[in-house]
Amino acid sequence: MRYEMPFNYSLDEAVVSSWLVIYTAPRHEKRVAQHFVLRDIQHFLPLYRVQRRWRDGSTVTLNLPLFPGYIFVRADRSERARVLQVPGALSMIAGMGREPATLSDAEISTLQRGLALHHAEPHPLLAVGQRVRIRSGALAGREGVLVRNKSGFRVVLTLDLIMQSVVVEVDGDHLEPLESDSLAS
């Protein structure tokens, strides 16, 4: 007699834990991480350091989440409900078939090693074809369309008065995405 595994079930999935992405309440990432420590739930909250100046002129160094609103948790199927019972943990990011999206150990390890070696900070997502504004430099304030981002960012700037366009190379730190409602103007 041949035994067949039930549909949507594998031994690997039942036994092996994987890294899940948890969506948190806004600005609750550190509090959720503290609850995970208390409940002995393995997690990873990447942080970056930033200097901020308060209104009174004092300067403070803050550790802020690199991915605001998200925290990574290593859990198997049986622990998923316990993860979502943590105050501030709102949901798991879903993948195909409404199953939670997972990351491999290698992906998390690469992220951890990379962050240990390099300074990282959040940056707005920029996509080819998106309208962007140059924030600093000689072309500050000019708006254009992002056309390529392999080795660097290229922005097409159009001079409407003479109906001509030019492509300029711009550092990604000097760009900001424009809101979709700005496209109409």
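# A report on the predicted model

## Getting started

Helices (H or I, at least four residues) and strands (E, at least two) are DSSP runs, numbered from the N terminus. This is a predicted model, in which local features need pLDDT of at least 70 and side-chain atom pairs count only at pLDDT 80 or more, while totals for chains, interfaces and linings use all residues. Residues are numbered from 1 along each chain as its sequence is written, and side-chain values use heavy atoms, with hydrogens and water left out.

Let us begin with a loop. Gly137 sits between β8 and β9, in the loop that joins them. With a relative accessible area of 54%, Gly137 is exposed, because exposed means over 50%, buried under 20%, and partly exposed in between (1.4 Å probe, protein chains only).

Which residue is 37 residues from Gly137 along the chain, with its C-alpha atom 7.8 Å away? That residue is His174.

## A salt bridge network

How many salt bridges does the model have? The count comes to seven, where a salt bridge is a side-chain nitrogen of Lys or Arg within 4 Å of a carboxyl oxygen of Asp or Glu. Four of the residues involved, Arg131, Arg133, Glu143 and Glu176, are linked in a network.

Arg131 has a relative accessible area of 26%, so it is partly exposed. Glu143 also counts as partly exposed, because its relative accessibility is 29%.

Another pair is Glu176 and Arg133, with 3.0 Å between the closest N and O atoms of their salt bridge. Glu176 lies in strand β12 (residues 175-177) and Arg133 in strand β8, so this pair ties together parts that are 43 residues apart in sequence. Glu176 is partly exposed because its relative accessibility is 24%. For Arg133 the relative accessible area is 27%, so Arg133 is partly exposed as well.

Is Arg80 buried or exposed? Its relative accessibility is 13%, so Arg80 counts as buried. Glu99, with a relative accessible area of 35%, is partly exposed.

## The largest pocket

On a 1 Å grid over the protein atoms alone, a pocket is an open set of points where a 1.4 Å probe fits, with protein on both sides within 12 Å along at least five of seven lines; lining residues have an atom within 4 Å of a point. The largest pocket holds about 290 Å³ of space, a volume being the space filled by probe spheres set on the points.

Thirteen residues line this pocket, and those nearest its centre are Arg27, Glu29, Asn63, Leu64 and Pro65. Which elements each supply at least two residues of the lining? They are α2 (29-38), β3 (47-53) and β4. The largest share, four residues, comes from β4.

Phe67 counts as partly exposed because its relative accessibility is 33%.

## Two residues with a positive phi

Most residues other than glycine have a negative phi. Arg27, though not a glycine, has a positive phi of about 60°. This residue sits in the loop between β1 (18-24) and α2. Arg27 is exposed because its relative accessible area is 79%.

Asp40 is not a glycine either, and its phi is positive at about 60°. Look for Asp40 in the loop between α2 and β2 (43-44). With a relative accessible area of 68%, Asp40 is exposed.
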